[in-house]
Amino acid sequence: MQSFLSECGINTLSFDLRNYGESDVVDDYFAVGQIEYIDLLGAYDWLISEKGYRPGEIGMTAFSAGGGAAIAFAEETGIGAMWLDSAVLDFPLLVKNELGRLGYPQIFAGPAVTVGGWLVGVELDARSPMEAALNAGSRPVFLTHGIEDTRVSIFHSQNFEEKMDEVGGNVTTWYVPNRGHVDAIWGESEEYKGNLVNFFSNGLI
């Protein structure tokens, strides 16, 4: 994704979230965006204060479990546009679907979210990425999802789209036939690149 953008003259920034890459590893858990969104806000603040960007000039992208980054989009109105690919946008729904996929009763989803929160040390459903659907305002959002995704149901994106439509949000979708989880970027690379570059070229000031 970064190469697609940089090849077309759009600057990109990637950084280590906590517990990843060369960052300090303080535990073995991922908080599905409940804590990590603060790291994204820190990166946004750095671009504003140190690199001279202005609100509305900075966009964000997220894959899969990175859908929790949408909490940062909900929190910071200066993030001008957001691209989400196969994103987890409703963590309780993900847990419910995973239990079903693995053959366990879906009624355990609620307790599983609670216990997971105890392990991580934060309520895993305290903040929802769906907040971004309701307060995006006129900021553009692009949702892409493989229709055959068996890991993160397409319902995540469709429910997000529905909520944006309810409040008159600026949402574009590309639901890709015969593609699975985070699959379109590899299987439909040229169309993916075109959609991505056009979205940010037109969506940022």
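Me: Why is F199 counted as buried?

Reply: In this predicted model, F199 has a relative accessibility of 9%, and since buried means under 20% relative accessible area, F199 counts as buried.

Me: What makes F200 buried or exposed?

Reply: The value for F200 is 6% relative accessibility, so F200 counts as buried by the cut-off of under 20%.

Me: Why is the pair of F199 and F200 called edge-to-face?

Reply: A pair of aromatic rings is described by the distance of the centres and the angle of the planes. The count of aromatic pairs comes to seven, and for F199 and F200 the ring centres are 4.9 Å apart with the planes at 70°. Centres must lie within 6.5 Å for a pair, and planes over 60 degrees apart count as edge-to-face, so the pair of F199 and F200 is edge-to-face. Both residues belong to one aromatic cluster, which is formed by F4, W83, F142, W174, Y192, F199 and F200.

Me: How do you know that R139 lies over the face of F73?

Reply: R139 is placed at 3.8 Å from the ring centre of F73, and the rule asks for CZ of Arg within 6 Å of the ring centre and within 35 degrees of the ring normal, so R139 is said to lie over the face of F73. R127 likewise lies over the face of Y37, at 5.4 Å from the ring centre.

Me: What makes strand β2 largely enclosed by the rest of the structure?

Reply: Strand β2 covers residues 79-85, and seven of its seven residues are buried, so the strand is largely enclosed by the rest of the structure.

Me: How do you know that β2 pairs with β1 and with β3, and in which sense do they run?

Reply: Two strands pair if at least two bridges are found between them. Six bridges join β1 to β2, and these strands run parallel; within this pairing, G59 stands opposite A81 in β2. Four bridges join β2 to β3, again in parallel, and W83 has F142 in β3 as its bridge partner. Further along, β3 and strand β4 (residues 170-176) pair in the parallel sense over seven bridges, with T144 standing opposite W174 in β4.

Me: Why are both faces of β3 called covered?

Reply: In a regular strand the side chains alternate between the two faces of the sheet. In β3, P140, F142, T144 and G146 on one side and V141, L143 and H145 on the other are all buried, so both faces are described as covered.

Me: Why is F91 called buried, and where is its place?

Reply: F91 has its place in helix α4 (residues 91-101), and its relative accessibility is 17%; this value is under 20%, so F91 counts as buried. F91 and D125 are 34 residues apart in sequence, and their C-alpha atoms are 6.8 Å apart in space.

Me: What makes up the lining of the largest pocket?

Reply: The largest pocket has a volume of about 1,200 Å³. Of the 38 residues that line the pocket, L13, F15, G59, M60 and T61 are the closest to its centre. By class, the lining has 26 nonpolar, ten polar and two charged residues.

Me: Which residues line the largest cavity?

Reply: The largest cavity, with about 30 Å³ of space, is lined by D85, S86, T144, H145, G146, G180, V182, D183 and A184. Strand β3 gives the largest share of this lining, three residues.

Methods. Residues numbered from 1 in each chain as written. Predicted model: local features only at pLDDT ≥ 70, side-chain atom pairs only at ≥ 80, totals over all residues. Heavy atoms only, no water. 1 Å grid on protein atoms, 1.4 Å probe; cavity = no way out; pocket = protein on both sides within 12 Å on 5 of 7 lines; lining within 4 Å. Points joined across faces, edges and corners; volume = space filled by probe spheres on them. Nonpolar A, V, L, I, M, F, W, Y, C, P; charged D, E, K, R; others polar. Phe/Tyr/Trp six-rings, centres within 6.5 Å; stacked < 30°, edge-to-face > 60°. Buried < 20%, exposed > 50% of the residue type's maximum accessible area, 1.4 Å probe, protein only. Helix = DSSP H or I, 4+ residues; strand = E, 2+ residues; numbered from the N terminus.
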